Amino acid sequence: MTGYHSAERIFVNREEYIINPADLNALEMALRVKDENDDAQVIALGLGPARVDNALREALGRGADRGMLISDSALADLKTDAAGAARLLAAAVHEIGDVNLVLCGAVALDSGAGELPGRLAHALGWPMLSEVYAIEEITDTSVHCAQQIVSSEADLPALLTVPRDANQPRHIYGARVVNAYRGGEIAAWNLDDLGISPDDLEPLTRVSGRRFPPERTLGTRLEGSLDEAVESLVTQLRARELI
Amino acid sequence: MDFSFSKEHQLLRKAFREFAEQEVAPRVDEIEHNTHTSSLGKSGLPADLMKKAAEYRVMGVPFPQEYGGMGAGETGYCILMEELNRVSPSFATVVGAHTGIGAMSIYLDGTEEQKQRYLVPLARGEQIAAFALTEPGAGSDAAATRTRAVREGDSYILDGTKHYITNGSICEVAVVLALTDPALGPRGGMTAFIVESQWEGFKISKLEDKMGIRGSPTCEVVLDGVRVPQENVLGQVGLGFVTFMKTLDVGRTGLGAASLGGAQRMLDLAVEWAVTREAFGGPIAHKQSIQWMVADMAAEIEALRSLVYRTAWMIDTGQPHTREAAICKLYGSEVCSRVTDKALQIYGALGYSRHMPLERAFRDARISEIFEGTNEIQRIVIASDIFQKQGVRIRP
């Protein structure tokens, strides 16, 4: 049975915060660009409370060169949305300067909305290619990407969204973790640094409810010896007229 | 007093767990059945896995980065051993013999030149180390070492047999204890040497067919007139016994950490089964007999965790730790055996089946009460330290 339960509240596991899985795939795609281009630099950009610092250090542990955090106590009280987040991130991208590729996880695990990358591309005024599985070629002026069905290209600078499982992210390098924590601080910006006032972050959308994702039903486990399991499988497939 | 792991250590644990679960766990059967060959033609671990371990610096966790290591100290190394032993005691044993004692002895007592020449490739995982102490006539009684080292010009000629040597068949470098002055014995007559396995006269004879940790190669090493240059003396001539004992003091802590990981996994499996398995109309977790076993397992594991990481902290902060390290090894190995036994009991006949990981864990756990100094030796070390503080010197 597939269905939606309405949920008043979603309980967050407060013991462990993780990097959004699709963002790890986006990071891996960026690191592969760096593997091929010695002069490329990968910068992990985070937006959120101070604890996001740990996620950025994990990104350093996986191979990013620098981590940047946008954090402001004012943000905790603001009910902003993807449009507001995109404004902040776009300002940070301009502040970093000389950025020619922004890679985003296609969809966030917690909201499932997938709205931010489009808003960010809009705020930057850049072309966007979504659901990119691999970068096929990157030149000084353009990027060529493989999507699920087609291959597309866009002029640089551009924004790409990367779906979860587009690639196998590399592991965390322990030595990089040691350096990430003993090396230096993660650079942090607040709203003033980015020249943005809370009024600029008026939401365009509101969350009006939450629900659990569709329940997944477990498959049937075939018990017994190999012969018995095969016989049972064939019987069930025949019963459903699949063979 | 602060008992929490730092953010750095938490992220290191995540890194090690990711490596253990994604790289090692899918290979445990392959490792157990030991079908791989090393460059020496003897059994070892899958070459691609060892290459990956080197890439992620898993083979040099405690050593400073200037020597090719990860720079994570003893605490980082204990986290690694805990995470690896949760998944594969065989793989953890190879890492333990290599890092915890083999390379560690060079880090502790090597000259700068020896560290550059040997520790750097070992810490990077480009080479593998072994720690050759035990002999047919000198196990717990290490002072009865018979391997001779006779001075000849600028070299020493080594003759003797070392056995039960973990990594012996896959090592590029072995640290060997030998008698330089039989009259003085362990007090001034034994010297540690760094020996390359490619040197003439370094021979591997039989591979052990062991009860557990079957994926870690253990063999006999015969030193048949191996010429070792004088610059490969590790530490001072005559003080090799001290170098070896000092190294074991550190290695034992990592062994306690490995036991902690093994025990924790058994508890996790036991709890999972206790809530799944139904008998007499409900999950067996409702039975007090099961609850008490689980509670005893958890209590001992928590005590061990505190002990291991306090000792690691003592090492990282340069404090004396001989007694605590021996307690880590003694208590850790016994906790792991007891907890594994209870987990198997909770699983019942299913736990006895080779299809389940408990049977292998039961065999794997047993060695920890024996190697790197039997638990009887650990008790002597602990008692010696206690009585020494009373001015009484006890002898085994």
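Which side chain meets that of Glu359(B) in a salt bridge? The partner is Arg354(B), at 3.2 Å from N to O. Welcome to this predicted model, where a search over all chains finds 39 salt bridges. Here is a short tour of some of them, and of a cavity.

**Salt bridges**
- In chain A, Arg170(A) and Asp35(A) form a salt bridge, with their closest N and O atoms 2.8 Å apart.
- That pair ties together distant parts of the chain, 135 residues apart: Arg170(A) sits in the loop between strand 9 and helix 6, and Asp35(A) in helix 1 of chain A.
- Arg170(A) is buried at 17% relative accessibility, whereas Asp35(A) is partly exposed at 46%.
- Lys246(B) and Asp109(B) meet at 2.7 Å, N to O, and link helix 7 to helix 5 of chain B across 137 residues.

**The cavity**
- The structure has one cavity of 30 Å³ or more, and the largest cavity holds about 50 Å³ of space.
- Residues from both chains line the largest cavity, among them Ile172(A), Gly174(A), Tyr56(B) and Met70(B).
- Its lining comprises seven nonpolar residues, one polar and no charged ones.

**Helix 1 of chain B**
- This helix, residues 7-24, gives the most to that lining, with three residues.
- Its 18 residues reach 25 Å from first to last C-alpha, close to the expected 26 Å.
- Its buried residues include Ala15(B), Phe16(B) and Phe19(B).

Key
Residues numbered from 1 in each chain as written. Chains lettered and ligands numbered in written order. Predicted model: local features only at pLDDT ≥ 70, side-chain atom pairs only at ≥ 80, totals over all residues. Heavy atoms only, no water. 1 Å grid on protein atoms, 1.4 Å probe; cavity = no way out; pocket = protein on both sides within 12 Å on 5 of 7 lines; lining within 4 Å. Points joined across faces, edges and corners; volume = space filled by probe spheres on them. Helix = DSSP H or I, 4+ residues; strand = E, 2+ residues; numbered from the N terminus. Nonpolar A, V, L, I, M, F, W, Y, C, P; charged D, E, K, R; others polar. Expected span 1.5 Å × (residues − 1). Buried < 20%, exposed > 50% of the residue type's maximum accessible area, 1.4 Å probe, protein only. Salt bridge = Lys/Arg side-chain N within 4 Å of Asp/Glu carboxyl O.
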